[in-house]
Amino acid sequence: MSRHSTPRPATARRGRPLSGTARVPGDKSISHRSILLGALAAGETRVTGLLEGEDVMRTGDAMRAMGARVDKAGDEWIVQGVGNGCLLEAPGPLDFGNAGTGSRLTMGLVGTYHMKTTFTGDASLSKRPMGRVLDPLRLMGVQVLDAAPGDRMPLTLEGPRIAAPISYRVPMASAQVKSAVLLAGLNTPGVTTVIEPVMTRDHTERMLKGFGAEIEVETDAGGVRHIRLQGQGTLSGRTIQVPGDPSSAAFPLVAALIVPGSDVTIENVLMNRTRTGLIDTLLEMGASIELLDRRDAGGEEVADLRVRSSELRGVTVPAERAPFMIDEYPVLAVAASFAEGETRMEGVEELRVKESDRLAAVARGLEANGVECEEGRDTLLVRGRPGGRGLGGGMVETHLDHRIAMSFLILGLAAEKPVSIDDRSMIATSFPEFLDMMAGLGAEIG
Ligand SMILES: O=C(O)C1=C[C@@H](OP(=O)(O)O)[C@@H](O)[C@H](O)C1
Ligand SMILES: C=C(OP(=O)(O)O)C(=O)O
């Protein structure tokens, strides 16, 4: 269950322009993978810039329970890995709290081990579908001993004596499913292949290569990616610099666009092209975002983003872009609330299986604050009101979802009337510094 049982509401209100320079915490996807692969690799992995959010800390707890050492020393996290194939049976259930990524990737990582592992999570995680990961694991010989109805947590996995390599076509656009199968392939003899018809974030492929795995990626004439991993190879510890999380940067970025007179710089943001769909969309909407000092940081491109308040226009966001901005739709809907005309988001059915049903949660939150919108099965249409006239005044239900919480606080910074959320607790899962960082830019959130 969540570590915070009493809901803690918060309210954001319009104030002066936002200004200054901010740094967002380390990328959540790369942070989880740094701990997971560091825990598995032989020797020491040193990580700087790790996101110290609750989700990533749960992944650290899980890896400790299976034999790795994960410690902080000064600004660095030091992970002493066990060596590929050498994880130990956890003495009790692994509690992943609110974290889909941590739980699903760990299911892949340990599912093929000939031992029992039990996975639990909070009320939000317990509602999320795990069958998308369990299905390919079953094909590899993994038994699902207990699972709540619909392949949900709590659940227990038991791996076979020797797992079978598979060739698996990922049926939905999901980096978590792709990653779980590749991680399962690490403890499987032979070649495990993942076929990815729609490209998703590629951190697992890049990092596996960095840790020394034999992995190759081929994109065929139809744009389909074939990722082949040779199992049971050696992984060696390495040094990792985690770049700033573009999914967290999205909040001060949209805030600076919609609060009149703002001028904010967000430093050291990951620019991997599988993560920059929100920036592409906002630029199409007329946003003033300058990408400064584009540079390499440990194998990933980063940049500083200078963002100035802008008059936005509604656009259609095509379905193909969804995997490259999947966690940013709630805050895009907030930006769209201040744009001239309509913004239509297409092909966003995956939003229904996040920490909450984000399509519904966003639509209800917008309606509660006077924003006109239409929720379709896999679409969302938002009718903007430049200047935010008449918007705000509502209380938003966050449904244990950090991105819903942060998005609607951003709405409140530019709406005519204050916006409240029922609970700020979950923000700590991905962005513990959010309220302090926003206050540093001049935002009024209390
Ligand atoms: O692999 C990852 O690190 C993630 C993949 C995405 O989930 P899906 O794979 O379910 O799309 C994203 O929503 C999540 O925040 C992080
Ligand atoms: C969907 C998210 O995370 P996860 O799936 O790891 O819970 C998110 O951070 O928006």
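Two residues are in contact if their C-beta atoms, placed from the backbone, lie within 7 Å. Helices (H or I, at least four residues) and strands (E, at least two) are DSSP runs, numbered from the N terminus.

This is a predicted model, in which local features need pLDDT of at least 70 and side-chain atom pairs count only at pLDDT 80 or more, while totals for chains, interfaces and linings use all residues. Residues are numbered from 1 along each chain as its sequence is written, and chains are lettered from A and ligands numbered from 1 in the order in which they are written.

**Exercise 1. Which residues of helix α4 are buried, and what covers them?**

Step 1. A residue is buried if 20 or more other C-beta atoms lie within 10 Å of its own, exposed if 12 or fewer, and partly exposed in between, with C-beta atoms placed from the backbone.

Step 2. In α4, which runs over residues 131-139, the buried residues are Val133, Leu134, Pro136 and Leu137. Seen down the axis of α4, these buried residues fall within an arc of 170° (the arc of the directions from the helix axis to the C-beta atoms), so they line one face of the helix.

Step 3. The cover over the buried residues of α4 includes α3 (100-111), β8 (143-148), β10 (167-169) and α5 (175-185).

**Exercise 2. Is Asp122 buried or exposed, and is Pro149 buried or exposed?**

Step 1. Asp122 sits in the loop between β7 (116-120) and α4, and it is buried because 22 other C-beta atoms lie within 10 Å.

Step 2. Pro149 sits in the loop between β8 and β9 (152-158), and it is exposed because 5 other C-beta atoms lie within 10 Å.

**Exercise 3. At what angle do the axes of α1 and α2 cross, and which residues make the contact?**

Step 1. Axes are lines fitted to C-alpha atoms, for helices over the stretch in contact, and angles run from 0 to 180 degrees between N-to-C directions.

Step 2. The axes of α1 and helix α2 (residues 54-65) come within 9 Å and cross at roughly 10°. That makes α1 roughly parallel to α2, since angles under 35 degrees count as roughly parallel, over 145 as roughly antiparallel, 65 to 115 as roughly perpendicular and the rest as oblique.

Step 3. On the side of α1, the contact is made by Lys28, Ser31, His32, Ile35, Leu36 and Ala39, while α2 contributes Asp55, Val56, Thr59, Gly60 and Met63.
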